[in-house]
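This briefing sets out selected structural features of one protein chain for computational work. The points are grouped by topic.

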Amino acid sequence: MVQKTSSGFRASIDEPEPLSPSENFRRPTLQSLSMRSPQIASITVTPVPDPASSTIMSRDPSPRSSSQPSNRHVPSPIAAETYTEPYLRFMTQNPTVFHAVDAFSTQLASSGFEHLSERDRWTTKLRPGGKYYTARNGSALIAFAIGKEYKPGNGVGIVAGHVDALTAKLKPIPKLQTKAGYVQLGVAPYAGGLNDTWWDRDLGIGGRVLIKDSKTGKIEKKLVKLDWPIARIPTLAPHLGMAAVGPFNKETQMVPIIGLDNSDLSGEGNHPPHDSKIKAGTFAATQPERLVRAIASEMSIDDYSSIINWELELYDTQPAQLGGLDKEFIFAGRVDDKLCCYSAIEALLATSSDTSPGIVKMVGCFDDEEIGSLLRQGAKSNFMGSIIDRICEGMLYYQSNEASNRGGGPQLTPQLGPNLINQTLANSFLVSSDVIHAVNPNFLGAYLENHAPRLNMGVAVSADSNGHMTTDSVSTALLQRIAENCGSVLQVFQIRNDIRSGGTIGPMTSSQLGMRAVDCGIPQLSMHSIRATTGSLDPGLGVRLFKGFFDWFEVVDGEFT
């Protein structure tokens, strides 16, 4: 039986209470999963006052005072099962970081969020009640909704993760000499990609292509994916002795094969003769000929010289799918950390403008976390900080205009500068959300007692005494209060003392911005493998907590001095 610890977390590695089937859930693929909230077994919830009647502490630049905002209502609960199938589709259809950000952008736009270009001036565009998103490099995205009662100096409630994943990227010139009749592709590992799990996988290719329009001369960025297996990294059979044992050289022994060319033996090629469309001196001439043809065909490009450049990567083509006897698992590639980003975006779309109307609700999906977040689209860049600065400026401009329109003489308004910006940051809170190591039943000894998260139970808070995580007692208590009020269970994870901890965006982002923060994440098995496992309820459980954060932050934050 899972027990509640003294800190309020589910943390035992004993047998969990079995889930019971839902009478209301009719999807046959998940018919045995429970719709009930997992926390009802033994946790006692002490909710904060109903948002419909509670007194909210103001976060405007003046001293704190009580206010009674109108139109408050109790947030509706999230049924975790409703996000299972949409998450499977999202993961299957969006294999690269560019596809994921594009999918999020399309979803936000269709839900009424206005696109803002970083290259434009935002001052006159931002207003209370407005919903916006912006992307950087096509691989990082920030979306935010300004509360209809927001005032300059109020806080920002942020859920942020990273949308990049371990992969193998094409080298700038990936064309290789044919060896023993095999056409191969020059790739380089991104972070921990090309690890042992990449052997003998069906690999597709996709990413971003830069194309020059012949009429306008403008260079456009377009997405492409060849989602049938075009590449494979073959293992060596154990019959061939010690050479099959390893360790293996990633440069010379993990090179994908993408085709055959036995013309050195037969005198005839296994493919059409040189394509005259590939002109010398062009980008296409530096790439494998058959790959150029395949990409051009997929994108309906007739003039190969119009391809100026591309950023392509390999990915496992096997679709995300349900598994387990009762379909309680999700098996998928690239779970780390598209899972938390997916749940965060869905939570932002699901939250109501009537909850926490005095704050800005924000989601950040960063690139390059797996390699340190140091690039301009990474969490250590100025991306999020610059967005918050622009919101402060826009809200000051809006407030000044409103005061001017009302008349009545000069109005005392706060000025944009370090005082207002840092007040905003001090009133803000970051939920840094990256996947967490779920307990593996075959390696229980690798986990710290009482710190072994389960699948299909809820998000886990991640702690580290050496600062690899930003979690502390205050941020944990705040998130626990939110969880209690939105029907979520918080688990807890910390690494053993004799194992090195990993890291994520929490410490770097919170230290850059100076705001309170907690690190947490949705549990998964097989982290950094080409295929991973999470629970079929876990995407929805992530949505439940993150939506709860957006709904309840303003109320709960008022409890903390």
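## Structural briefing

Phe 329 has a relative accessibility of 29% and therefore counts as partly exposed. The model described here is predicted. The protein contains ten helices and 22 strands, and buried residues make up 52% of its 561 residues. Of the contacts with a separation of 6 or more, 76% are between residues 24 or more positions apart.

**Aromatic pairs and clusters**

- A pair of aromatic rings is described by the distance between the centres and the angle between the planes.
- The number of aromatic pairs comes to 13. In the pair of Phe 329 and Phe 331, the ring centres are 5.9 Å apart and the planes meet at 25 degrees; stacked pairs are those with planes under 30 degrees apart, so this pair is stacked.
- Phe 331, at 31% relative accessibility, counts as partly exposed, as does Phe 329 at 29%.
- Phe 366 and Phe 383 form an edge-to-face pair, with 6.3 Å from centre to centre and 80 degrees between the planes.
- This second pair links distant parts of the chain: Phe 366 belongs to strand S15 (residues 360–366) and Phe 383 to helix H6 (residues 383–406), 17 residues apart.
- Phe 366 is buried at a relative accessible area of 1%, and Phe 383 is buried at 0% relative accessibility.
- One aromatic cluster is formed by Tyr 87, Phe 90, Phe 104 and Tyr 342.

**Charges over rings**

- Lys 169 lies over the face of Tyr 190, 4.4 Å from the ring centre.
- Arg 390 lies over the face of Trp 122, with a distance of 4.3 Å to the ring centre.

**Packing of helices H5 and H10**

- Two packed helices are described by the angle between their axes and the distance between the axes.
- Helix H5 (residues 335–350) packs with helix H10 (residues 538–557) at an angle of about 50 degrees, and their axes are 8 Å apart.
- The two helices, H5 and H10, are therefore oblique to each other, and their crossing is right-handed.
- On the H5 side, the residues making the contact include Leu 339, Tyr 342, Ser 343, Glu 346, Ala 347 and Ala 350. Among the H10 residues in the contact are Pro 539, Val 543, Phe 546 and Phe 550.

**Helix H9 and its surroundings**

- In helix H9 (residues 505–513), the buried residues are Ile 505, Gly 506, Met 508, Thr 509, Ser 510 and Leu 513.
- These buried residues of H9 pack against strand S6 (156–162), S15, H6, helix H7 (418–426), strand S16 (429–433) and strand S20 (516–521).
- Gly 514 follows H9 and has a positive phi near 80 degrees.

**A buried loop residue, Leu 194**

- Leu 194 is located in the loop between strand S8 (182–190) and strand S9 (203–212). Its relative accessible area is 1%, which is under the 20% limit, so Leu 194 is buried.
- The C-alpha atoms of Leu 194 and Met 254 are separated by 7.3 Å, while the two residues are 60 residues apart along the chain.
- Leaving aside neighbours within four places in sequence, the contacts of Leu 194 are Thr 167, Ala 168, Val 187, Ala 188, Pro 189, Ile 233, Lys 250 and Met 254.

**Backbone geometry**

- Most residues other than glycine have a negative phi, and most peptide bonds are trans.
- The peptide bond between Gly 246 and Pro 247 is cis, with omega about 10 degrees. Pro 247 is placed in the loop between strand S10 (219–231) and strand S11 (257–260).
- A cis peptide bond also runs from Asp 336 to Asp 337, with omega near 0 degrees; Asp 337 lies in helix H5.
- Ala 180 is not a glycine but has a positive phi of about 55 degrees. This residue, Ala 180, is in the loop between strand S7 (167–175) and S8, and at a relative accessible area of 72% Ala 180 is exposed.
- Ser 356, also not a glycine, has a positive phi of about 45 degrees. The loop between H5 and S15 holds Ser 356, which counts as buried at 2% relative accessibility.

Technical notes: Residues are numbered from 1 along each chain as its sequence is written. This is a predicted model: local features need pLDDT of at least 70, side-chain atom pairs count only at pLDDT 80 or more; totals for chains, interfaces and linings use all residues. Side-chain values use heavy atoms; hydrogens and water are left out. Rings of Phe, Tyr and Trp (its six-membered ring) pair if their centres lie within 6.5 Å; planes under 30 degrees apart count as stacked, over 60 as edge-to-face and the rest as tilted. Buried means under 20% relative accessible area, exposed over 50%, partly exposed in between (1.4 Å probe, protein chains only). Helices (H or I, at least four residues) and strands (E, at least two) are DSSP runs, numbered from the N terminus. A charge sits over a ring if NZ of Lys or CZ of Arg is within 6 Å of the ring centre and within 35 degrees of the ring normal. Axes are lines fitted to C-alpha atoms, for helices over the stretch in contact, and angles run from 0 to 180 degrees between N-to-C directions. Angles under 35 degrees count as roughly parallel, over 145 as roughly antiparallel, 65 to 115 as roughly perpendicular and the rest as oblique. A crossing is left-handed if the near helix is turned anticlockwise from the far one by less than a right angle, and right-handed if clockwise. Contact means heavy atoms within 4.5 Å.
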